[in-house]
Amino acid sequence: MSDTNGTGGTGGAHEANAANHTTRAGTASGVSSASGAAGGTADAGGLDAALFAAWAEEIAAAVRADRDRLTALDSAIGDADHGANLDRGFTAVAEALAGGRPDTPGALLSLVGNTLIRKVGGASGPLYGMAFREAGKALGDAPEVSLADLDAALAAGLAGIRRLGSAAEGDKTMVDALAPALRALTQAVQEGLAPAEAVGAAAEAALAGAQATIPMQARKGRASYLGPRSLGHEDPGAASTALIVRALHAAVSRTAGAPGERSGPAPGETSRRAPEGPA
C-alpha cells in the first residue's frame, strides 16, 4: 500500500483545536434533544458501546465487500495491498469483539485501534490505529456519549493522524476525506440534527472528499514519487476513509433514531468543537 494512504499532517493549529475541545464522554452539557429515539440515542448521551460495536462490524463487512476495489486503487499508485491489509485488520477486530465486547465506547474504540496496529501492515495500520485509539481516549470511560462527544472524538482521531505524518488537505491522502467529514459533522451538531442525519452529512462529505482526490497530484508518501502519473487516480486511503464514515452512518441509522429528531446544541448554543478551517 502506498504511504500516501492517509499520511497525516502536522497541522499544529488543528491539533490544538482538537485538544481544546475534546471532552470526556458523558459530559454533554449544552447538548439537548427534542425527543429520544426508539432503541436509540437522540438524548444528550445515548451512543453506547453497542452502537460502536455495530460500527466496527459494519466496517468489517464493508471492507470485505470492497476489498478488491481498494486493492485496485492501491495498485495504481501504491503497493496493491490496501484492501487486503484492511480486510485482515477489521476481520481481527470483529473476532476480538466476538470474544468479549468492552463496556464503554472509549474502551471499544481503543480495542479497535490496538488491533489495527497489531494486524495491519503498510501505512494504514498505524494511521487508522492511531485515529481509533485517540478517539477512544477522548471518549474516556463514560458508558454513553453524545453526538457532540463523537464529533470531538473524531477530531482527536484526525489530530492523531496529523501528528503521525505530515500531510494536509490537498496532498491526496485520507485527510482529504476525513477533514471535510469532520467539518460536516461539526456543522450538523451545531444545527442540532439527529444522529443519523448528522452522520449522513459527514458520510456524504467524506465521499466527496475522496472523489476530489482523483484530479490531485500526490504530494506525500509513495504516490508522490509518481509525480504527474498520480493524477487521475482516487487515493486508496481517502476511499477507505469514506467507507469507514459510511459504515458509521449505517450503524447510527440502525440504532440511533430517525432523521428529523434533534441531537445537538439547542438554538443559540454552540458545538463542543469549533469547525475546522482548511488544513
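Beyond its neighbours within four places in sequence, Leu 231 is in contact (heavy atoms within 4.5 Å) with Ile 214, Pro 215, Met 216 and Gln 217. The C-alpha atoms of Leu 231 and Pro 215 are separated by 5.3 Å, although the two residues are 16 apart along the chain. Leu 231 is placed in the loop between helix H8 (195-211) and helix H9 (236-255); helices (H or I, at least four residues) and strands (E, at least two) are DSSP runs, numbered from the N terminus. With a relative accessibility of 38%, Leu 231 counts as partly exposed, the classes being buried (under 20% relative accessible area), exposed (over 50%) and partly exposed (in between), with a 1.4 Å probe and protein chains only.

The structure is a predicted model, in which local features need pLDDT of at least 70 and side-chain atom pairs count only at pLDDT 80 or more, while totals for chains, interfaces and linings use all residues. Residues are numbered from 1 along each chain as its sequence is written, and side-chain values use heavy atoms, with hydrogens and water left out.

A salt bridge was taken as a side-chain nitrogen of Lys or Arg within 4 Å of a carboxyl oxygen of Asp or Glu. By this rule, seven salt bridges are counted. One of them joins Arg 67 to Asp 87, with 2.8 Å between the closest N and O atoms. Arg 67 belongs to helix H2 (residues 49-77) and Asp 87 to helix H3 (residues 82-98), so this pair ties together parts that are 20 residues apart in sequence. Arg 67 is partly exposed, at a relative accessible area of 33%, whereas Asp 87 is buried, at 10%.

Glu 134 forms a salt bridge with Lys 137, where the closest N and O atoms are 3.2 Å apart. Both residues lie in helix H5 (residues 124-139), three residues apart, and are thus separated by about one helical turn. Lys 137 is exposed, with a relative accessible area of 59%, while Glu 134 counts as buried at 15% relative accessibility.

Glu 134 also forms a salt bridge with Arg 163, the closest N and O atoms being 3.0 Å apart. Since Glu 134 lies in helix H5 and Arg 163 in helix H6 (residues 147-164), the pair ties together parts that are 29 residues apart in sequence. Arg 163 is partly exposed, its relative accessible area being 42%.

A network of salt bridges links Asp 66, Arg 69 and Glu 234.
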